Amino acid sequence: MIYAQILLIIVISSALGSFFNVCIYRIPSKKSIVFPSSYCPTCSKPIPKYLNIPLIGFFLTMGKCRECGTKIHWHYPFVEFLTVLLMLSLFFRLGGEFSFVYFKYAILIGFFIVIFFIDLFHKIIPDVLSLPLIPLGIIAALLPYNDISLVQSLIGGVSGFLLFYLLSLSFYKVTGKIGLGGGDIKLIAGIGLFVGITGILFSILISSVIALVVILLMRHDLKKEFPFGPFLITGTLIYIFFGYRIINWYLGLFLL
């Protein structure tokens with residue numbers, strides 16, 4: 001039975017990964033994510049269905065467009081592989097069963113993958129991706145078998161929103177420049193509704209540390225725009241998969 005479930009996750013999540021690639025490419029350009037079917041971004045020739053098989057298609061084409069020979073960007077197979085990896089990891093993290101919590105976080109991870117790469121490539125978080133997380137988070141909190149209560153969800157969403165909004169407002173008042181964009185503020189509100197107050201504080205702390213380390217290592221010019229969304233998503237994923245272990249380990253240091 002477990003092998004059938006694993007195979008099901010691989011098939012569905014690889015197909016989802018292919019769809020996420022479509023979203024990553026088309027949403028920033030405000031193109032339809034439904035029509036037309038997959039095509040080469042360079043020559044606009046449609047990709048045959050037998051070459052559009054998730055993961056396998058990339059190797060069948062040797063990573064190049066069959067028509068014009070343009071190399072397929074690395075993120076296409078990577079997104080498909082990452083989707084499979086995260087969905088499988090979530091399945092085992094939650095005890096190897098399709099629970100309500102599994103589907104809740106699977107939906108969140110799906111949004112995360114698309115937002116991560118759009119923000120990474122274009123430095124924007126479209127409202128069409130960030131805003132739906134708010135009602136979805138509230139609906140999840142209202143349903144039975146959720147891992148956090150409605151109160152925890154609302155506190156997490158409001159706290160995240162207010163913290164980022166006040167930070168952005170303060171930064172603007174002091175420097176006259178926009179620090180955190182509106183997309184980041186909406187995203188953190190949605191995340192807070194999904195993971196609650198503990199999760200949102202953990203995610204903000206971890207993502208800030210990771211972002212600081214990356215900025216120092218890259219020697220990034222602070223005058224230039226820097227997408228924070230990917231780091232916030234990374235911090236939240238760390239919480240989903242390892243959060244309680246890290247928190248328990250940290251608290252255990254004070255009990256020794």
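The model is predicted, so local features are reported where pLDDT is at least 70 and side-chain atom pairs at pLDDT 80 or more, while totals for chains, interfaces and linings use all residues. Residues are numbered from 1 along each chain as its sequence is written, and side-chain values use heavy atoms, with hydrogens and water left out.

Helices are DSSP runs of H or I with at least four residues, strands are runs of E with at least two, and both are numbered from the N terminus.

Aromatic pairs were assigned from the rings of Phe, Tyr and Trp, with the six-membered ring used for Trp; two rings pair if their centres lie within 6.5 Å, and the planes count as stacked under 30 degrees apart, edge-to-face over 60 and tilted for the rest. The structure contains 21 aromatic pairs. One of them joins Trp74 and Phe121, and because the ring centres are 6.3 Å apart with the planes at 80 degrees, the pair is edge-to-face. This pair links distant parts of the chain, since Trp74 is in the loop between α2 (56-60) and α3 (75-93) and Phe121 is in helix α4 (residues 100-122), 47 residues apart. Trp74 is partly exposed, with a relative accessibility of 49%. Phe121 is also partly exposed, at 32%. Another edge-to-face pair is formed by Phe91 and Phe92, with 5.5 Å from centre to centre and 70 degrees between the planes. Phe91 is buried, at 0% relative accessibility, whereas Phe92 is partly exposed, at 48%. One aromatic cluster is made up of Trp74, Phe78, Phe116, Phe117 and Phe121.

Pockets were found on a 1 Å grid over the protein atoms alone: a cavity is a set of points where a 1.4 Å probe fits but cannot get out, a pocket is an open set with protein on both sides within 12 Å along at least five of seven lines, and lining residues have an atom within 4 Å of a point. Grid points are joined across faces, edges and corners, and the volume is the space filled by probe spheres set on the points. The second largest pocket has a volume of about 600 Å³. It is lined by 33 residues, of which Tyr39, Ile47, Asn52, Ile72 and Tyr76 are the closest to its centre. The elements that give two or more residues to this lining are α1 (2-26), α2 and α3. The most come from α1, which gives 5 residues. By residue type the lining divides into 17 nonpolar, 9 polar and 7 charged residues; Ala, Val, Leu, Ile, Met, Phe, Trp, Tyr, Cys and Pro count as nonpolar, Asp, Glu, Lys and Arg as charged, and the others, Gly among them, as polar.

Side chains of opposite charge can pair when their charged atoms come close. A salt bridge is defined here as a side-chain nitrogen of Lys or Arg within 4 Å of a carboxyl oxygen of Asp or Glu. By this rule there are 2 salt bridges. One is between Lys104 and Asp147, at 2.7 Å from N to O. Lys104 lies in helix α4 and Asp147 in the loop between α6 (133-142) and α7 (150-175), so the pair ties together parts that are 43 residues apart in sequence. Lys104 is buried, at 4%, whereas Asp147 is partly exposed, at 37%. Asp127 forms a salt bridge with Lys186, and their closest N and O atoms are 2.7 Å apart. Here too distant parts of the chain are linked, with Asp127 in helix α5 (residues 127-130) and Lys186 in helix α8 (residues 182-218), 59 residues apart. Asp127 is partly exposed, at 37%, and Lys186 is partly exposed, at 26%.

Ser13, in helix α1, is buried at 2% and touches Thr83, Val84 and Met87. Gln5, in helix α1, is buried at 15% and touches Phe91, Gly96 and Phe98.

Definitions and conventions: Buried means under 20% relative accessible area, exposed over 50%, partly exposed in between (1.4 Å probe, protein chains only). Contact means heavy atoms within 4.5 Å. Lists of a residue's contacts leave out its neighbours within four places in sequence.
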